[in-house]
Amino acid sequence: MTTPYLRVRNLTKRFGDFTALDDVSIDLYQGEFVCFLGPSGCGKTTLLRAISGLDIQTHGTVEQNGHDISALPPAKRDFGIVFQSYALFQNLTVARNIAYGLENRKQPKEAIRRRVQELLELIGLPASGNKYPSQLSGGQQQRVALARALAVSPGLLLLDEPLSALDAKVRVYLRDEIKALQRRLGITTIMITHDQEEAISMADRIVVMRAGKIEQIGTPLEIYHQPASLFVAEFIGAMNLLPALLVQQGEIQLGQTRLACTVNGFAPGTAVQAAVRPEDVVCTGRTNGHANSFRAEVRDLEFMGPFFWLSLSGGELGEHRLRAQLPSQRARELDLRPRDSTHLHIPAEHIRLFPEGYSHG
Amino acid sequence: MADAAVLAPPRIRPRLSRDEWLMGGGLCVLALYLAITLLVPLVIMLAKSMQDRDGVFVSLANFIKYFTNPALTGAIGHSLWVSALATLIVIALAFGYAYALTRGCIPFKGFFRLVAMAPLLAPSLLSAIALIYLFGNQGALKGWLFGESIYGPIGIVLGSVFWTFPHALIILITALSTADARLYEASESLGASRWRTFATVTLPGARYGLISAIFVVFTLVITDFGVPKVIGGQFNMLATDIYKQVVGQQNFQMGAVVSLILLLPAVVAFFVERWAQSRQSSAVSSRAVPYHTKPRPVRDLALLGLVSLVALVILGILGMAAFASLAKLWPYDLSLTLRHYDFNTADGGSWTAYGNSIEMAFYTAVLGSLVVFSGAYLVEKTRIAKPLRTATHLLALIPMAVPGMVLGLAYIFFFNAPGNPLNFLYGSMAILVLATIAHFYTVSHLTALTALKQLDPEFESVSASLKTPFYRTAWRVTAPMCLPAILDIAIYFFVNAMTTVSAVVFLYSPATTLASVAVLNMDDAGDTAPAAAMAMLIVLTAGAVRLLHAGSSRWLHQRTQAWRGC
């Protein structure tokens, strides 16, 4: 395996008695797009500010490209940064904003002009060089901020919630733009976000954080399908959590039904939490041709457009409530109504077990 | 190797960048500057109050001498009740005036606002001189006083009301214009009467503004020297006592004692005012809906009557001063002449003094805004040396609590000390500039800080990531974006340098007499008409500079509206 471009080792940051970052270690590889994801206060911003040198950690080291940069001020490091607030210089034109880092490097004027034009074209605003930031939309301003950060060709790009201040539609559009740009330039990138959808759609790898610690590092697929903890399971996407009992290795008791599952590692007789994604609950109506099936009653149907939210309980589920995602087309075929009884099927590989007694953070 | 895990990892010592060294150094220079022009002189004055004439430490002997002399301690009571009375009147009038301007539907609001601000352009002495012309021994309206004399508490209260009125008005307008319409709608929909709405919504909303205004006015009156000097007669106040002790009796030690006593109410007022300010700014949430006034004929007519009356009095006093400066020989020959503006015949005034004032005000404005803005920048933006930043910020707040007389006297003690290497400044123009900058430092500092806090705090982060030194970003981005605030600071310094008397009255030399001091001296010598003329010159100059400022601000606004996005 290649050596990491950025090595973060045992990073701890304390503010008085409060530990904002607790012994965090990560490796980032050249050209990777990594998202730090977590609820507010989880330490993701603190981690980014430590990596940039804007707020240096209390303990631990950061190595970039083989050099120890742990104690260096930001100006001695090699990164570009984009903030949620854009932080564009309001009194300078777009072109001068982008040229800001270049003008300091004693490059010939003509070279700067060409580089600025190149970047303006890269962000799709070739004719906006003479405008002021306030004359642009939020999404356009954020692209200018991106161009300003990229102008000096940094080795590392840091994005601090770059899309959070934007409208929903612009956000989705800019998400693809940034991702495409990052792929094209092959620049190692860290993005902070609290929006799991953003992280899943953009990142090569996601670092899920909670209370100053890393909960899980993995690809979006790993994080989504194999959450390492109950916190990750609940934080990413929708999740049913059902109290169950492990009756024997590979089988749980859920209400009055027994379901096979592939997870083990618990002693038989242990109370567990069974985690099932709503879209993994398959509704088969009156037919019951599957293993791992049970019967429950429809409590409520909520139309969401492409699918229905199904609230289920009773039947073999007993007291437990289960939410299922039923594609609209399938719902039409089944013609389900509230209080109908239906068969449900959960594939064994989609049931994950977590220890009980976890307190929500 | 099991021990290795137990050992705490080494603490990272961040390496300082060149920016941080430079800014830290700048901060040290600033702290040193404020220490020399403010803290050290005050501390030395404190020490002087416990020394005898020969500089021997006598503990509290001077204080005991002061407090056992009823002729001196009387001034404490005088100062307190006169200031309290003047404050009461100013706040009542200014609240009504501010209410009319913000909540009333009356015509000519711009005009009334402008008139109310006019006293800011005049030295406090001007109102006293005008009052003498109106109610003095040969006054035009002498009969209105029913035989009471204007020379004394009545004159001091009236004169103080005039010149402190705009100070209270500015604060109260701000407090009243941040109303949340939702509260009024709620009150109305719940069926509350107008008086009840006023008592439960309007007044509580403005209460911190009121507290703030009360203490600002109280401090201004109790520390003012000009009005009681001119119109106080035999009625002694703390500020005039300092002057008498120092200039009249050359008793510097007793002057220091009175200064410290005068410092007390000012310090108390300072802390209350700071507290009220911090509450006021957090009282309005960002979701507040602006309140729009609806006409109510009876109320509006009453408010119009009030503002007209107040405006008339202000214009009357200004007009009286103007007329006094032009009348040939009051009250016998009222034909107009410009001869009082030829100061050569008057004792204590000259066109040179006027020139000196312009020069002093110019240097104060330029140097003051430079020092204050750089200082506020360093306090706000330096990322290291937090204790030093806090200390510097606190130093910058001190002048608000220090009466000008006290600062002036402290300067004598410090700069006139034989061993002081800065002794050469004594008697120079430079010391007047330094004293004036120090005297008016706080408001300017807070203005600059407010402007800086409105900028995106990540400008410096971005700039560092682009390897641009901080001073380049400060010069190209921060300062241009704060230019309106910098201009405000410059004009504030200029106008105050033109009108101030209190700090500089101890510090001018024959070569550096100032216009405002000349007003005082000519009035003292009985040349009242030339004194009025000089006061009018100050008003006109300050007014002209204000106009220039308004014009340049408008020009700046138009030039920069492309990027301000309005």
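Is Phe506(B) buried or exposed? Select Phe506(B) and look around it. This is a predicted model. Phe506(B) is buried, because 22 other C-beta atoms lie within 10 Å and 20 or more count as buried.

**Stop 1: around Phe506(B)**

Stay on this residue. Phe506(B) sits in a loop of chain B, between helix H21 (483–499) and helix H22 (515–524). Now select Val246(B), Gly408(B), Leu409(B), Tyr411(B) and Ile412(B). Phe506(B) is in contact with these residues, leaving aside its neighbours within four places in sequence. Pick out Tyr411(B). Tyr411(B) and Phe506(B) are 95 residues apart in sequence. In space, their C-alpha atoms are 8.4 Å apart.

**Stop 2: two helices of chain B**

Next, select H4 (residues 70–103) and H13 (residues 297–326) of chain B. Their axes are 9 Å apart, and the helices pack at an angle of about 120 degrees. That angle makes H4(B) oblique to H13(B). Their crossing is left-handed. Show the side chains at the contact. H4(B) brings Leu93(B), Gly96(B), Tyr97(B), Tyr99(B) and Ala100(B). H13(B) brings Leu303(B), Leu306(B), Val307(B) and Val310(B). By class, this contact has 8 nonpolar residues, 1 polar and no charged ones.

**Stop 3: where chain A touches chain B**

Now show both chains. Here 32 residues of chain A are in contact with 29 residues of chain B. On chain A, select strand E4 (59–64), strand E6 (80–83) and helix H2 (94–103). Each supplies at least two residues of the side that touches chain B. Which element gives the most to that side? E6(A) does, with 3 residues. Colour this side of chain A by class: 16 residues are nonpolar, 15 polar and 1 charged.

Methods:
Residues are numbered from 1 along each chain as its sequence is written. Chains are lettered from A and ligands numbered from 1 in the order in which they are written. This is a predicted model: local features need pLDDT of at least 70, side-chain atom pairs count only at pLDDT 80 or more; totals for chains, interfaces and linings use all residues. Axes are lines fitted to C-alpha atoms, for helices over the stretch in contact, and angles run from 0 to 180 degrees between N-to-C directions. Helices (H or I, at least four residues) and strands (E, at least two) are DSSP runs, numbered from the N terminus. Angles under 35 degrees count as roughly parallel, over 145 as roughly antiparallel, 65 to 115 as roughly perpendicular and the rest as oblique. A crossing is left-handed if the near helix is turned anticlockwise from the far one by less than a right angle, and right-handed if clockwise. Two residues are in contact if their C-beta atoms, placed from the backbone, lie within 7 Å. Ala, Val, Leu, Ile, Met, Phe, Trp, Tyr, Cys and Pro count as nonpolar, Asp, Glu, Lys and Arg as charged, and the others, Gly among them, as polar. A residue is buried if 20 or more other C-beta atoms lie within 10 Å of its own, exposed if 12 or fewer, and partly exposed in between; C-beta atoms are placed from the backbone.
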